[in-house]
Amino acid sequence: PDNDYFWTVATEQSLQSRGIAAPYGGVWRAWNSDYNLLYYDPSITYTPWPGEDINGNLYTDANPAAAPYNPYTPTVGSQNMTATTSYSTDYCAGGGGSFTVNNFYPARYNVWNDTDADGNVDASDAHVLVEIRSSTPLYTGDINRRDCAAAPVCTYAEEIQNFANWFSYYRKREYVAKAGYGQVMAGASNSRMGLVTLHNNASVNTAMSSMNDDPRAGAKRSLLQSLYKFQASGGTPLRSAVDNAGKYLSCKSNSYFSSCPALPATSGGECQQNFTLLMTDGYYNGGFGGVGNADGNNDTVWDSDSAGPYGDSKSNTLADIAMEYYENDIRPGV
């Protein structure tokens, strides 16, 4: 219901009712994790994000009857995973056009059978639809399903709960990123962390702070709140973002902060390690020029075209920017 792109996938049944023949464009693959890697995977245990929502409430298992669209702001709405619903779709193949899919049960996934044994999830491959309904008491999960007491067998209650957690916390690339970063941030100690977004999304750019233990208090809580608050939008200027991160760690003028994150020598600055972790949902775009072929200019053992492990002939790539800050002393005065 909060789909940003205003189109969704039709079901096989709805296409069949409109006279479209099998394999119906292979639409079943949208609900299969072997093909759609973001989709619900019954072999995985989906857990809530660490930390708190906008109201200061601890993230908990999503209610299958009212799974939030956005767990950080639960008041924006929810979806009942246990009841049929209807939705609009645009499917033009075969003259299908725009129509409404009725009697759709959302807690579902397809099990793939590689019919022709080619390793590809083909539109015509055999598949079985699994609907997580109370009338079916047991489901096949995985031996590593920590939430199933008798794994790999899972009860209806365990399976519908896992599906609801996937829907609320992992169904989007943005949510998977937040889950991954959130787990790292929540478990961090003896370190400092900061966060920047490509376009200061939702006014989220957070300078480095020391990580306390409790994810519900202090700087760690503030950092997690910033992570969950932002909403992805805009282009993907990854190169300028990494360059600005390098300038920030070098205590040089940058687009993010005016502060210097470097420790003085008396506090261990000579041995301070700095890491930039970049996560993106796509290829970079936007212009950039400034470092040249830093990973192929033969000025260190790392970037020799002939002998170095990272050398290449391209200029001003994301790898060039990373190499620029990796092979140079960013704080030569310490």
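User: Buried means under 20% relative accessible area, exposed over 50% and partly exposed in between, with a 1.4 Å probe and protein chains only; is Phe167 buried or exposed?

Analyst: This is a predicted model, in which local features need pLDDT of at least 70 and side-chain atom pairs count only at pLDDT 80 or more, while totals for chains, interfaces and linings use all residues. Residues are numbered from 1 along each chain as its sequence is written, and side-chain values use heavy atoms, with hydrogens and water left out. Because its relative accessibility is 9%, Phe167 counts as buried.

User: How many aromatic pairs does a search of the whole structure find?

Analyst: Rings of Phe, Tyr and Trp (its six-membered ring) pair if their centres lie within 6.5 Å, and planes under 30 degrees apart count as stacked, over 60 as edge-to-face and the rest as tilted. With that rule, the number of aromatic pairs found in the whole structure is 21.

User: Which residue forms an edge-to-face aromatic pair with Tyr69, and how many residues apart are the two?

Analyst: Tyr69 pairs edge-to-face with Phe167, the centres being 6.5 Å apart and the planes at 65°. Tyr69 is itself buried, because its relative accessible area is 13%. Tyr69 lies in the loop between strand E1 (67-68) and strand E2 (78-79), whereas its partner is in helix H2 (residues 156-170), where helices (H or I, at least four residues) and strands (E, at least two) are DSSP runs numbered from the N terminus. The pair thus links distant parts of the chain, and for Tyr69 and Phe167 the separation is 98 residues.

User: The charged end of which residue sits over the ring of Trp31?

Analyst: A charge sits over a ring if NZ of Lys or CZ of Arg is within 6 Å of the ring centre and within 35 degrees of the ring normal. At 5.8 Å from the centre of the Trp31 ring, the residue is Arg108.

User: With which residue does Glu131 form a salt bridge?

Analyst: A salt bridge is a side-chain nitrogen of Lys or Arg within 4 Å of a carboxyl oxygen of Asp or Glu. Glu131 lies in strand E6 (residues 126-131) and its partner in strand E5 (residues 108-113), so the pair ties together parts that are 23 residues apart in sequence. The closest N and O atoms are 3.4 Å apart, and the partner is Arg108.

User: In which helix do Asp243 and Lys247 both lie?

Analyst: The side chains of Asp243 and Lys247 meet in a salt bridge, at 3.3 Å from N to O. The two residues are four residues apart, about one turn of the helix, and both belong to H5.
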